[in-house]
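Dear colleague,

I am handing over the structure that we spoke about, and below it I have set out what was found. Please read the notes with the structure open beside you.

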Amino acid sequence: MRRGVMFAGAAVVLAACMTAGLMVGAAGLPLKGVVLALADRLPFVSAHSGLTSLETGVLFELRLPRVLLGAMVGGLLAVAGAGYQGVFRNPLADPYLLGAAAGAGLTVTLVIVAVGDGAAVPLAAFCGAAGGVLLAYGLGHTATRGGGTATLVLAGVAVTSFLTAVQTFLQQLKVEELQRVYAWILGDVGGGWEQVVMCAPYAVVAAAILLLHGRLLDVLSVGDDEASSLGVRAGRVRLVVLVAASLATAAAVSAGGLIGFVGVVVPHAVRRLAGGSYRVVLPLSLLAGGAFLVTADLIARTVLAPAELPIGVVTAFVGAPFFVTILRATRKVET
Amino acid sequence: MTVEITGVGVELGGRPVLRGVTATAREGRWLAVIGPNGAGKSTLLKAVMGLLPCTGLITVAGRPVRDLAPRDRARLLAYAPQSPLLPPDMTVHEYALLGRTPYIPYWGRESARDTETVRAVLDRLDLTGLAARPLERLSGGERQRVVLARALTQEAPVLLLDEPTTALDLGHQQQVLELVDRLRRDDGLTVVSTLHDLTLAAQYADDLLLMSGGTAVAAGGPGEVLTEELVTRHFGARVTIGAGPAGRPVVHLRRPTG
């Protein structure tokens, strides 16, 4: 069936990007060695990879966590973006719409200013992102009883400007910390196994909830009145998806910083290539988002090697032309 | 199934939009709700569907609508709004399949029976050839049929249609109304629709409900409700009402002379 083919294709692309991410770097690793070394770690499989112990160390301690984290962060941002787009019935909604980015930016700045870089940063980012969304949701909900989506977006705008203002003020007070805050904002998926382990549970739960709501998001796409007339409690579905997407965003932000572009562009590209049903858009965004960010990270750490570009710069730099290409290739007549 | 509306009132933003509306849509018949703009026709339909909180009582086959769980309600009543939101890249088949939502569990997916129902409905409405077409590439008449298809896959015995002929040309208006009438007769559906064209309402409906200013001002057969006196009073229009086919009234606008 066509859907199955698309999912398989996206999975193959993701696997290929991840393999490339494992092979390429300051020390190039051979494909065969990488595959055998990975196979060797599987239970009941024993294979001799032919990699030196240094190469094995690079593979398992540097590259593998980095590639996994990249795939996870990219997938989460893209699937969260698709979820937000479904909830707000707007293809331009992004995971940072409700103040997640501003919340995380503020708490991370606070932590860096107060105690300096360290283990507290990811936790601060997670709490800040979740807190920003909660604040926007609370505001939007009290402003109109029941909370219309337009009010919610406006509350997100207000929360974002307010928190960003506080953050800017703090940065002005502590200019010497500016670069560290800035580096965090531009994103990095080199957090190592610790980050992978911390992010994974949220990633699995949030992604599973989102993927299971594809059919209901399709129902919501015909409007609240009709969704209700079809027996769906629109408000409840919207809330569940919003919570899951915000959890995904918070996990992604805590593990990778404020990486832009992925959450809007990947779902949109998927929609162009595979149609608008959320039952397709959500899973394909998860896979394609992962592939996209792993590739962006690969470029970030190779083009100026040994220096590293911020991954947020690469996502926009590579993503924008890529997006234009897709728009042109799937050009359709606007009606 | 008979729909009984008893003393129904609706407030929107603190303003009463419907007051004490009482009406009956009898099983297997077509009730057309008519009235000037802002009379509360669409609001009444939404209240019957349970989309708006209301006072009074609305029952379907004797069961109060407000006591029904959303899914059970959706198996009794199907609703097509005046300007339905049609996601541009959703296909006709996917859209019609949405009508099966009340039969699919929250975490579930549609069964073979659901797809079979959709196939049969599309076939019945001559839409099989369009099944794979995205909604944005349909003409006005096709859209209206697709919206009907979605309502029919719901297999609800009561069909609530808000202005099903809006934005359609004469031929397509007739086509859609004939289709609804055929489905009503074949399946024994109860149809409640708002219609702004009084002559069309008189042609197709068995019963008319005239609304004005949020209240029901007249109800009965087309000949009883469409009188020059009532139409002039509530629409503020000068009309002549003649006899049409099968004794059903025909409303002509009369231009003031002099």
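Two strands pair if DSSP finds at least two bridges between them, and the elements themselves are DSSP runs numbered from the N terminus, helices being H or I with at least four residues and strands being E with at least two. This is a predicted model, in which local features need pLDDT of at least 70 and side-chain atom pairs count only at pLDDT 80 or more, while totals for chains, interfaces and linings use all residues. Residues are numbered from 1 along each chain as its sequence is written, and chains are lettered from A and ligands numbered from 1 in the order in which they are written.

In chain B, an open sheet is built from four strands in the order β2-β1-β4-β5, with antiparallel pairing. Because β2 (15-25) and β5 (63-64) of chain B each have a single partner strand, they stand at the edges, and one side of each is left without a neighbour in the sheet. Within this sheet, β1 (residues 3-12) and β4 (residues 55-60) of chain B are joined antiparallel over five bridges, and B:E4 has B:T59 in β4(B) as its bridge partner.

Strand β6(B), by contrast, pairs with β7 (residues 158-162) of chain B in the parallel sense, over four bridges, and the partner of B:Y79 in β7(B) is B:L160.

Between the chains, 19 residues of chain A are in contact with 21 residues of chain B, where contact means that C-beta atoms, placed from the backbone, lie within 7 Å. On the side of chain A that touches chain B, α10(A) gives the most, with four residues.

Best wishes

Methods
Two residues are in contact if their C-beta atoms, placed from the backbone, lie within 7 Å.
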